[in-house]
Amino acid sequence: MIWLTAGESHGEALVGIVDGIPAGVEVQTSDLEDALARRRLGYGRGARQKWEADRVRFLGGVRHGHTTGAPVAILIENSEWPKWQIVMNPDPVSAEALQIDAGKGDAREVARNKPLTRPRPGHADLAGMAAYDLDDARPVLERASARETAMRVALGAVAQKVLEQAYGVHTVSHTVALGGEHVPEGAPVPTFADTPALDADPVRCFDAKSSKKMVAAIDAAKKSGDTLGGVVEVIVQGVPLGLAGTHVQARRRLDARLAEALMSIQAIKGVEVGDGFSTADRLGSRAHDEIVLESGHPTRTSNRAGGIEGGMSDGEDLRLRAALKPISTVPRALRTVDIKTGKAATAIHQRSDVCAVAPAAVIAEAMVALTLLQVLLEHTGGFSLKQVQDSVAAYVATLRSRGLA
């Protein structure tokens with residue numbers, strides 16, 4: 001299974017394609033719309049989330065509510081395209097056209113047409129201008145923007161349907177830290193069944209007291225003209241022992257591939273599996289998940305490893321955390337250099353969020369789903385849903401016959 005996305009933040013649309021989805025999987029446009037609506041949630045989001053609707057549709061690979069086995073193609077239209085069709089037009093436009101606003105008399109409508117020569121700290125602007133020999137940061141920031149993750153979430157929604165129907169695997173995501181406020185150690189951990197409650201929480205936090213503190217931190221940051229980051233966790237339930245990943249090649253290890261997937265998300269600066277960094281402080285005798293017999297088969301007394309040992313699923317829930325840096329577009333303008341004039345300047349500031357931790361959890365969940373499905377299909381194969389289900393059933397039956405499940 002392979003997937004890719006294309007399109008710019010303020011372009012006409014985002015497009016995505018995923019090839020290798022088995023035939024017969026139930027999926028509808030509404031499933032993608034629901035996932036994208038979850039991505040727009042979260043206290044501290046900017047104004048763009050209020051008026052930007054994700055108009056999504058399948059262009060191929062799905063017929064009458066079921067996948068066909070052909071590549072699944074998805075389109076997400078940009079509802080703001082009329083404001084941006086001059087500056088983002090793929091065909092040449094005249095210099096005069098770039099001096100015309102969108103009809104509202106707003107100076108920003110003209111300003112957005114001008115070259116962006118003051119790279120923003122924390123963004124891809126400066127490195128992208130250097131790497132691609134550009135004197136305008138617009139092409140860089142348009143593609144580097146986290147808006148691209150809307151398509152990842154849409155593709156991830158398809159992957160989640162396959163995981164559920166073919167493997168009996170479910171995913172859930174939540175916020176465990178935001179702006180220095182942390183969920184207490186030992187607090188209850190959500191399951192897939194808790195997704196509606198998480199969607200309803202303003203910061204996607206499962207602990208009510210922590211959620212209130214996080215909301216207060218966002219209010220304080222907004223008042224002071226600043227931004228916040230945090231940590232999100234993705235939990236995957238139902239992955240059988242040994243079915244995902246392998247120890248035989250470094251690049252095929254499950255933890256390596258999931259870590260890469262999470263690090264590919266814009267603004268993610270750290271990833272841990274299971275207890276991760278906390279485990280580094282423990283004695284070896286207290287760091288590992290002991291194996292005991294329960295109901296006649298091996299089970300674990302804990303899950304510090306986060307469901308992965310030796311690069312393979314160990315039968316416990318997968319637990320992965322990703323650290324999101326504070327949003328780089330800071331209202332309190334940061335120092336930079338104007339590449340055109342070579343003089344000191346302040347960075348441009350377009351509208352932005354105060355905090356995007358809650359949507360980052362949804363994006364992380366989508367990336368875990370896409371990557372895990374790739375890994376599982378490599379093991380089970382199958383061109384149709386039934387073929388995959390039969391392969392999984394045969395594998396689990398073998399585990400049971402050996403007393404391993």
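Asp390 is partly exposed, with a relative accessible area of 41%; buried means under 20% relative accessible area, exposed over 50%, and partly exposed in between, using a 1.4 Å probe and protein chains only. The structure is a predicted model, in which local features need pLDDT of at least 70, side-chain atom pairs count only at pLDDT 80 or more, and totals for chains, interfaces and linings use all residues. Residues are numbered from 1 along each chain as its sequence is written, and side-chain values use heavy atoms, with hydrogens and water left out.

Asp390 forms a salt bridge with Lys386, with 2.8 Å between the closest N and O atoms. A salt bridge here is a side-chain nitrogen of Lys or Arg within 4 Å of a carboxyl oxygen of Asp or Glu. Because the two residues are four apart in helix H13 (residues 385-401), about one helical turn separates Asp390 from Lys386. Helices (H or I, at least four residues) and strands (E, at least two) are DSSP runs, numbered from the N terminus. Lys386 counts as exposed, at 54% relative accessibility.

## Other salt bridges

The whole structure contains 21 salt bridges. One of them joins the side chains of Arg321 and Glu233 at 3.1 Å, N to O. This pair links distant parts of the chain, with Arg321 in strand S15 and Glu233 in strand S9 (residues 230-237), 88 residues apart. Arg321 is partly exposed at 28% relative accessibility, while Glu233 is buried at 2%. Both residues belong to a network of salt bridges that also links Asp275, Arg282 and Arg319.

The side chains of Arg300 and Glu309 also meet in a salt bridge, at 2.6 Å from N to O. Arg300 is buried, with a relative accessible area of 17%, and Glu309 is partly exposed at 29%.

## The four-stranded sheet

Four strands make an open sheet in the order S1-S2-S6-S3, with antiparallel pairing. Two strands pair if DSSP finds at least two bridges between them. The edge strands, each pairing on one side only, are S1 (2-6) and S3 (54-60). From one strand to the next, the twist averages 15°.

S1 pairs with strand S2 (residues 13-19) over five bridges in the antiparallel sense. Within this pairing, Asp19 of S2 is the bridge partner of Ile2. Helix H7 (residues 149-167) lies across S1, S2, S3 and strand S6 (72-78), and runs at about 145° to S6. Axes are lines fitted to C-alpha atoms, for helices over the stretch in contact (heavy atoms within 4.5 Å); angles run from 0 to 180 degrees between N-to-C directions.

## Annotated binding-site residues

An unreviewed UniProt entry carries a "binding site" annotation whose residues include Arg143, Ala144, Ser145, Lys325, Ser328 and Arg351. UniProt positions are given in the numbering used here, feature names are shortened, and annotations may be inferred rather than shown by experiment. Arg143 lies in helix H6 (residues 138-144) and is partly exposed at 31% relative accessibility. Leaving aside neighbours within four places in sequence, Arg143 is in contact with Thr5, Ala6, Gly7, Glu8 and Glu148.

Ser328 sits in the loop between strand S15 (318-324) and strand S16 (335-338). Ser328 is buried, with a relative accessible area of 14%. Apart from neighbours within four places in sequence, Ser328 is in contact with Pro121, Gly122, His123 and Leu334.
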